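This briefing accompanies the sequence and coordinates shown below.

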Amino acid sequence: MTTLVSKIMLSPVSVVCMLLLFSSTACNAQLTSTFYGTTCPNALTTIRTSIRNSIAAERRMAASLIRLHFHDCFVQGCDASILLDETATIQSEKTALPNFESARGFNVIEKAKAEVEKICPGIVSCADILAVAAKDASAYVGGPSWTVMLGRRDSTTASRTLANSDLPSFRDGVDRLVSRFQDKGLNARDMVALSGAHTLGQAQCFLFRDRIYNNGSDIDAGFASTRRRGCPAVGGDTNLAPLDLVTPNSFDNNYFKNLIQKKGLLESDQILFSGGSTDSIVSGYSSNPATFSSDFASAMVKMGNIDPLTGSAGQIRKICSVVN
């Protein structure tokens, strides 16, 4: 028999959200796909047009924008802290080792923000623009699209220290990678799916030099030889090479096929298919691009929900690189 108690029982998530109404901590459930439906109904169209124009001018920018959103969410949550410049009171995340001279797309986000400010000043956050830009970038180069949850606000702080400690390293092993993602509420499958963004973009020589010159058994000899042409044993640290040599500017599942052939460019790529716990996930994605696309979209939504500022927390920056 159904009792009165059972009728009013709340799920743990509902209880948490109710409790958070009385605290300063944000609840992810406050994000909604229609957040700007009445306050700025043309926001998403305006952002999409700006982002598409930027990628049309430089195809590589698609990868940079997806990475920028990822590097934002893993440090203090999805709060646009990565966009803040250095000041007397802010240690910019832009100068953290994982971002220094490699994180790109700041000007693209600023341009999109400026366009939105023209139609709805002070309404749309830089954090939301970052999230929408990542989705638009993926879709523009043939990748999946997804419904972006909105309502994030912008932080007034940044943390170079957390950027250095929390962002994954190109030398991380599988267990360390899984642990880093679990710390952010993402599981191993999410981690592998998100790593698939390396089907796009480029890496600097110093990040993969050791891998292509160590003659280890986990790298295809021909692949290593090809990559050495643009990455000398000494010098050329910033020389670029595509992470996916086959289709570097298209979002597809070749990244996973490359791993099975021992043609992953970074150590942290190849480690996903090296006899460990993630081998089966890689194999599945290599043979089923639809599954990869679906899982990537789902993982991006989950990642976008990492500790957002909502309600009255933070602010809506007028310019993304500085606090109001």
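In this predicted model, Gly-105 counts as buried because its relative accessibility is 3%, under the 20% that sets the limit for that class. Gly-105 sits in the loop between helix 4 and helix 5, the latter covering residues 106-119.

- Once its neighbours within four places in sequence are left aside, Gly-105 is in contact with Met-61, Leu-65 and Leu-68; helix 4 itself runs over residues 61-73.
- Gly-105 and Arg-189 are 84 residues apart along the chain, and their C-alpha atoms are separated by 27 Å.
- Gln-76 is found in the loop between helix 4 and helix 5, and although Gln-76 is not a glycine, its phi is positive, at about 70 degrees.
- With a relative accessibility of 24%, Gln-76 counts as partly exposed.
- Glu-101 is placed in the loop between helix 4 and helix 5, and Glu-101 likewise has a positive phi, of about 60 degrees, without being a glycine.
- Glu-101 is classed as exposed because its relative accessible area is 60%, which is over the 50% cut-off.

**Ser-64 in helix 4**

- Ser-64 belongs to helix 4 and, at 8% relative accessibility, counts as buried.
- The side chain of Ser-64 makes a polar contact, at 2.7 Å, with the side chain of Arg-104.

- Arg-59 lies in the loop between helix 3, which spans residues 43-57, and helix 4, and its relative accessibility of 34% places Arg-59 among the partly exposed residues.
- Not counting residues up to four places away in sequence, Arg-59 touches Tyr-140, Val-141, Asn-249 and Ser-250.
- As for Asn-249, its backbone oxygen lies 3.0 Å from a polar atom of the side chain of Arg-59.

**Helix 10 and what covers it**

- In helix 10, which runs over residues 205-213, the buried residues are Cys-205, Phe-208, Arg-209, Arg-211 and Ile-212.
- The cover over these buried residues includes strand 1 (202-204), helix 11 (221-228), strand 2 (240-242) and helix 13 (267-270).

**The chain as a whole**

- The protein contains 15 helices and two strands; its radius of gyration is 21 Å, close to the 20 Å that the globule rule gives for 324 residues, so the protein is as compact as a globular protein of that length.
- The C-alpha trace spans about 65 × 55 × 35 Å along its principal axes, and buried residues make up 47% of the 324 residues.
- Among the contacts with a separation of 6 or more, 74% are accounted for by residues 24 or more positions apart.
- The accessible surface comes to about 14700 Å², and carbon and sulfur atoms hold 55% of that area.
- There are 31 positive and 29 negative side chains, with the centres of the two sets lying 4 Å apart.

Key:
Residues are numbered from 1 along each chain as its sequence is written. This is a predicted model: local features need pLDDT of at least 70, side-chain atom pairs count only at pLDDT 80 or more; totals for chains, interfaces and linings use all residues. Side-chain values use heavy atoms; hydrogens and water are left out. Helices (H or I, at least four residues) and strands (E, at least two) are DSSP runs, numbered from the N terminus. The radius of gyration is taken over C-alpha atoms; the globule rule is 2.2 Å times the number of residues to the power 0.38. Buried means under 20% relative accessible area, exposed over 50%, partly exposed in between (1.4 Å probe, protein chains only). Contact means heavy atoms within 4.5 Å. Accessible areas come from the Shrake-Rupley method with a 1.4 Å probe; for residues, only the protein chains shown count as cover. Lys and Arg count as positive and Asp and Glu as negative; His and the chain ends are not counted. The place of a charge is taken as NZ of Lys, CZ of Arg, CG of Asp or CD of Glu. A polar contact is a pair of N or O atoms within 3.5 Å; within protein, one must be able to donate a hydrogen and the other to accept it, and residues adjacent in sequence count only if both atoms are side-chain atoms.
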